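Visitor: I would like to learn how to read a model like this one, feature by feature. Could you take me through it slowly, with the general idea placed before each case?

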Amino acid sequence: MTTLFVLDVPENTPIAAVAGQDPAVMIDRVGPYYRIVSDAPIVIDRRATKARHAVWYSSVAGLRRSRITQWDKDAMRIEPR
């Protein structure tokens, strides 16, 4: 299972929202974080989030049994470890 944690602050809300558009992704909250979970890789298109680069590159708060395989100006891809 792929799990990404993103701090629940206004700047990161669009990142969680775009991730949640994938029907394979489930989003809930754990403390002050969005927990984004999927049985498949999680792929988030940066342009769809409208996140500035500084926000984009500081959005990941943690991973669980997962690894980042892409995190560039175009997209973020998280896969199971």
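Guide: Let us begin with a term that will be needed for single residues: a residue is called buried when its relative accessible area is under 20% and exposed when that value is over 50%, with partly exposed in between. Please keep in mind throughout that this is a predicted model.

Visitor: With that cut-off in hand, is Lys50 buried or exposed?

Guide: Lys50 has a relative accessible area of 72%, and because exposed means over 50%, Lys50 counts as exposed. Lys50 lies in the loop between helix H2, residues 46-49, and helix H3.

Visitor: What can be said about the phi of Lys50?

Guide: The general idea is that most residues other than glycine have a negative phi. Lys50 is not a glycine, and yet it has a positive phi of about 60°. Arg65, also not a glycine, has a positive phi of about 50°. Arg65 is found in the loop between strand S5, residues 60-64, and strand S6, and with a relative accessibility of 61% it counts as exposed.

Visitor: How many helices and strands does the protein have, and in what order do the elements run?

Guide: There are three helices and seven strands, and, read from the N terminus on, the elements run β-α-β-β-β-α-α-β-β-β.

Visitor: How should I read the pairing of the strands in the sheets?

Guide: In general, strands of a sheet pair through backbone hydrogen bonds, either parallel or antiparallel. Within it, S2 and S3 pair in the antiparallel sense over six bridges, and Arg29 stands opposite Tyr34 in S3.

Visitor: What is the strand order of the open sheet of three strands, and which strands stand at its edges?

Guide: The order is S4-S7-S6, again with antiparallel pairing. Strand S4, residues 42-45, and strand S6, residues 66-71, stand at the edges with a single partner strand each, so one side of each is left without a neighbour in the sheet. Neighbouring strands of this sheet are turned by 15° against each other on average, direction ignored.

Visitor: How many bridges join S4 to S7, and how many join S6 to S7?

Guide: Four bridges join S4 to S7, residues 75-80, and the two strands run antiparallel; Ile42 stands opposite Ile78 in S7, while Val43 stands opposite Arg77 in S7. Five bridges join S6 to S7, which also run antiparallel, and the bridge partner of Arg67 in S7 is Glu79. S6 and S7 form a hairpin, with three residues between them.

Visitor: Which residues does Ile44 touch?

Guide: Leaving aside residues up to four places away in sequence, Ile44 touches Leu4, Ile15, Val18, Ala19, Thr49, Trp56, Asp74, Ala75 and Met76.

Visitor: What radius of gyration does the protein have, and how does this fit a compact globule?

Guide: With 81 residues, a compact globule would have a radius of gyration near 12 Å, and the value of 11 Å for the protein agrees with this. The C-alpha trace spans about 30 × 25 × 20 Å along its principal axes, and buried residues make up 35% of the 81 residues. Of the contacts with a separation of 6 or more, 59% are accounted for by residues 24 or more positions apart. The protein exposes about 4700 Å², of which carbon and sulfur atoms supply 52%.

How values were computed: Residues numbered from 1 in each chain as written. Predicted model: local features only at pLDDT ≥ 70, side-chain atom pairs only at ≥ 80, totals over all residues. Heavy atoms only, no water. Pairing = 2+ DSSP bridges. Axes fitted to C-alpha atoms, helices over the stretch in contact; angles between N-to-C directions. Contact = heavy atoms within 4.5 Å. Buried < 20%, exposed > 50% of the residue type's maximum accessible area, 1.4 Å probe, protein only. Rg over C-alpha atoms; globule rule 2.2 N^0.38 Å. Areas by Shrake-Rupley, 256 points an atom, 1.4 Å probe, with all protein chains shown as cover.
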